Every structure is written in structure tokens, then in C-alpha cells.
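User: Hello! I am new to this structure and would like a friendly walk through it, one question at a time.

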Amino acid sequence: MLALLATACGGSDSDSSSDAEAGDGETLIENVNIGYFAGWPLPPQIGQEDGSFAAAMGAQEITWIPFPDGGSMADAMISGDVDISYSIGLTPFAVKATNGAPITMIGIAVGYADADNCIVSGDLGYTRDNAAETLAGATILTPIGNVTHYKLLSMLDFLGVSQDDVEILPHESSDSTAAAFAAGQIQVGCAFGGPLVTMTDAGGVPLLTGEETANEVGIKTYDVNAVRNDFADENPQVVTNFLRANAEFNDKWAADPESNNPIIAQAAGMEDVGNFLSGPTWFTFPSVDEQLSDDWLGGSVADVMLEQLTFFQEEGQVEAVADDYQQFIDTSFLEAAQS
């Protein structure tokens, strides 16, 4: 989903390693352009900060390019400016792939049910039981055409709130949504990451919790890894190394979050990783084996893309829906990364 804080700058846009080599000692490629979300801290950014991710991929250098949302990241892949998307929202990927973008999903980056949500002003006295009454006439700011938008519309439907009874407006950024919420200019703000904390600190309450959204509405929230097709065709070992490195840095973080979190925060352009990776953490990272299971890339992810795009088509948000979304998923690189 998701994509995400437009104002943060994740360190420098380019990090390099002078002795970057693949595991067998061979430098496979001079440069790889990787798109990522600034202000979206993930364990592989340990290797972004010190250049070791480039070495693990077999790249002489990685150019890290920050993006505010998944749509712009996907557009950069289509134009050839980005080779691999480090963590792109599922819905923007599905929309672009449906419309013929030469991109393929190769892995699951991160799950984040509680890091993407809609917050309701505490002044309304809102509960899920009185939603239709308290939200009538509410102004809602949300990103459009991504998983946050999908979750909002699905939650409203689940709660029995008609879209005709609320005003849904497109946001400029998650930070501007949080600012409007704190100023009392809107009653509901939908956003990702840190701005959720800002809105909660301003007295807001979640429209539904991440657990309620996942277990009752049936929406899992996660970002995926994607690659430009021509890059994957020309550099299969580099793509495999990318996925293997992702898994290794996830394990490295899990073994010692306290030491690694400051490094990740630096690369993500943040003072600290907050609830993303500390305390009651928002982020979860499925293993390679889990990603290859039917619960993920083996079936469920394709089903979710079909469900989401069908929903958006019914809402008049998209025109095209593919018959089968498994065609946009290639697990061969992840399978190779297991060995």
C-alpha cells in the first residue's frame, strides 16, 4: 500500500560500497536503482545505510530513490528510472499491472495492519456501534486509489455508513491530513505511519483497529517487492540476491532490534523508528517459506488483488480488471533465494 510520507528524506539518495560483491565474490552489475518509501523504516535499510545491501546484491552501487506513494513509484518503474521497488503498495501495483505495466511481483516486503488506518475525531463520540449516526456529515481526507482508500470504503460499508452521508476528499500527503485533523478542519483522517500517532495524540480514535479490519472486515495490509520485467530478464541473479538480502536483514534486525533500530531510522530519515519497529510494533515480516505459501504468493495475494480491483471497478475508480492476477506474480526468484 502503500507509499508514504512525502516530507521525509531517507538519508542520501545514493549509497555505495567500493568492494560490493555477490556471495561468490563476483560483481554482477554496476548500479541498481531501487525505489523506497521515505519515512517507512524497514530492516533492509541497515544495509542501505552502510552500503552492505549493495554488496549482498552483487552491485557496485545502489541508487536509492525515495517516493511519497506507490503510484509514483510504479510510474518510475514503467519509465525505466527504477529497477526494483523495495516496498510498493499492493493496490498501486495491481492497478498498473492490470493496465499493462511491465512489472512483476516477486515477494512480500512488510505487513502493517496498524500502520495504515483512518482516525476519527474524539469530539464526535464515535464508536463502531453508533458509526452511521456520528459520522453523518463528516469530512474525510484519504489518499485515493490505494489500499488506504480501499480500507476506508470497506470499513464504511462494514459499519453501515453510506458514502452519500460523508464527504470524501483526496489528501495532499499524510502529514497534511494529520495537520488538518489536529486543527479540527476534518473529522476523519486516513493516513500511514507517523501521522496516525499525530491524530491519535490529538484525541482521535481508530475507525476500526488493525485487528478488527483484518479479522472482521477481512483485509490484510501489506507492501510487496516488485521488479521491472526487462531488468529481471537481464539480471536474474541480482533479483534473487535482492530477495535473499531482504530476508537476511530481516533476521538480523529480529536478532537485535535495539542496536539496529537507530541505523534504520537514520536511513529512513527519522529521529527514531517509533511503533513501526519498537514497542507494540506495527510491522511484521513473513519469512521466505511463508511468502511462498498459499496464504501469500501461492494464491491469497492474487485473490486479494482481484477482489480489490473488482471493488474499485464497482466504485468507478478503475476501468479494467484482469481475469487472473497470479500472472503478475513470479515466485521463481524467491524460490531460488531459499537455496
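Predicted model: local features only at pLDDT ≥ 70, side-chain atom pairs only at ≥ 80, totals over all residues.

User: What share of the residues of the protein chain counts as buried?

Analyst: The cut-off for buried is a relative accessible area under 20%. Applied to the 339 residues of the protein chain, the buried share comes to 54%.

User: How many helices and how many strands does the protein chain have?

Analyst: Both kinds of element occur in the protein chain. The helices number 16, and the strands number eleven.

User: Why can the protein chain be called as compact as a globular protein of its length?

Analyst: For 339 residues, the globule rule gives 20 Å. The chain is as compact as a globular protein of that length because its radius of gyration is close to that value, at 20 Å.

User: What are the dimensions of the box that the C-alpha atoms fill?

Analyst: The box is taken along the principal axes of the protein chain. Its dimensions are roughly 65 × 45 × 30 Å.

User: Among contacts between residues at least 6 apart in sequence, what percentage joins residues at least 24 apart?

Analyst: A contact here needs heavy atoms within 4.5 Å. Counting pairs at least 6 apart in the protein chain, the part that joins residues at least 24 apart is 80%.

User: Which residues does the disulfide join?

Analyst: The structure holds one disulfide. Its sulfur atoms are 2.1 Å apart, and the two residues are C118 and C190.

User: How many residues apart in sequence are the parts that this pair ties together?

Analyst: C118 belongs to strand β6, which covers residues 116-120, while C190 belongs to strand β9, covering 188-192. The pair therefore ties together parts whose separation in sequence is 72 residues.

User: Is the disulfide of C118 and C190 right-handed or left-handed?

Analyst: The torsion about its S-S bond is about 110 degrees. The disulfide is therefore right-handed.

User: Are C118 and C190 buried or exposed?

Analyst: C118 has a relative accessible area of 0%, and C190 has 0% as well. Because buried means under 20%, C118 is buried, and C190 too is buried.

User: Which residues does N261 touch, leaving out those up to four places away in sequence?

Analyst: N261 sits in helix α12, residues 257-268. With a relative accessibility of 10%, N261 is buried. Its partners are W253, V273, L277 and S278.

User: And which residues does R128 touch under that rule?

Analyst: R128 is placed in the loop between β6 and α5. Its relative accessible area of 30% makes R128 partly exposed. The residues touching R128 are F158, L159, L208, E212 and E216.

User: How far is the C-alpha atom of T127 from that of L159?

Analyst: T127 lies in the loop between β6 and α5, and at 37% relative accessibility T127 is partly exposed. Along the chain, T127 and L159 are 32 residues apart. Their C-alpha atoms are separated by 9.9 Å.

User: What separates the C-alpha atoms of G89 and G70?

Analyst: G89 is part of strand β4, residues 84-89, and is buried with a relative accessible area of 0%. G89 and G70 are 19 residues apart along the chain, and the distance between their C-alpha atoms is 5.4 Å.

Technical notes:
Residues numbered from 1 in each chain as written. Heavy atoms only, no water. Helix = DSSP H or I, 4+ residues; strand = E, 2+ residues; numbered from the N terminus. Rg over C-alpha atoms; globule rule 2.2 N^0.38 Å. Buried < 20%, exposed > 50% of the residue type's maximum accessible area, 1.4 Å probe, protein only. Disulfide = S-S within 2.5 Å.
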